[in-house]
Amino acid sequence: MVYLTRVEHFNAAHKLYNPSWSKEKNDEVFGMCANENWHGHNYELYVTVKGEPDTDTGFLYDAKKLSNVIKEKVTEKLDHKNLNMDVDFMSGQMCSTENLAVAIWQQLEPYLPKEIQLHCIKLYETPRIFVEYFGVKV
Ligand code: NI
């Protein structure tokens, strides 16, 4: 089994605010991330797929094609957007990096070709904070 990772980038705004809590509790739990007028991040998205290299090309999958499908299904829907307000697949849930990584998996996985499997979504919110999601284990 070989693993191939493509890195993509997007900028987006969000806030972490639970509307069923008081402002005081939101401030206590989320700190600056609860700022009413939003804040932004430079997200780095690592998409790792796995499979066996093709005997004719030696490739697991064409990295450019993988980039295109990530852009079409994920990053074009997120880049320069407000995650809380503009992104249909994040509506109704907390816009944490954890939830965003799971949502990205769900957006992307149905559109990958049969010869590769999605292995991991790794999403950096800052250079020092990232989340990894490996899908639902069955
Ligand atoms: Ni934030």
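**Stop one: charged pairs**

Select Arg6 and Glu8: their side chains meet in a salt bridge, with N to O at 3.0 Å. The term here stands for a side-chain nitrogen of Lys or Arg within 4 Å of a carboxyl oxygen of Asp or Glu. Before you go on, note that this is a predicted model, where local features need pLDDT of at least 70 and side-chain atom pairs count only at pLDDT 80 or more, while totals for chains, interfaces and linings use all residues. Residues are numbered from 1 along each chain as its sequence is written, and side-chain values use heavy atoms, leaving out hydrogens and water.

Now colour by accessibility. Buried means under 20% relative accessible area, exposed means over 50%, and partly exposed is in between (1.4 Å probe, protein chains only). Glu8 comes out buried at 7%, whereas Arg6 is partly exposed at 24%.

Next, pick Lys23 and Asp27, another salt bridge, at 2.8 Å from N to O. Why are they about one helical turn apart? Because they sit four residues from each other in helix α1, residues 23-30. (Helices are DSSP runs of H or I with at least four residues, strands are runs of E with at least two, and both are numbered from the N terminus.) Lys23 is partly exposed at 46% relative accessibility, and Asp27 is partly exposed at 32%.

Then jump to Glu72 and Lys73, whose closest N and O atoms are 3.4 Å apart in a salt bridge. Glu72 is partly exposed at 47%, but Lys73 is buried at 17%. The structure holds four salt bridges.

**Stop two: a helix crossing**

Show α2 (residues 63-78) and α4 (residues 97-108) as cartoons: their axes come within 9 Å and cross at roughly 140°. Axes are lines fitted to C-alpha atoms, for helices over the stretch in contact, and angles run from 0 to 180 degrees between N-to-C directions. That angle makes α2 oblique to α4; under 35 degrees counts as roughly parallel, over 145 as roughly antiparallel, 65 to 115 as roughly perpendicular, and the rest as oblique.

Which residues make the contact (heavy atoms within 4.5 Å)? From α2, select Val69, Ile70, Lys73, Val74, Lys77 and Leu78; from α4, take Leu100, Ile104, Gln107 and Leu108.

Technical notes:
Contact = heavy atoms within 4.5 Å.
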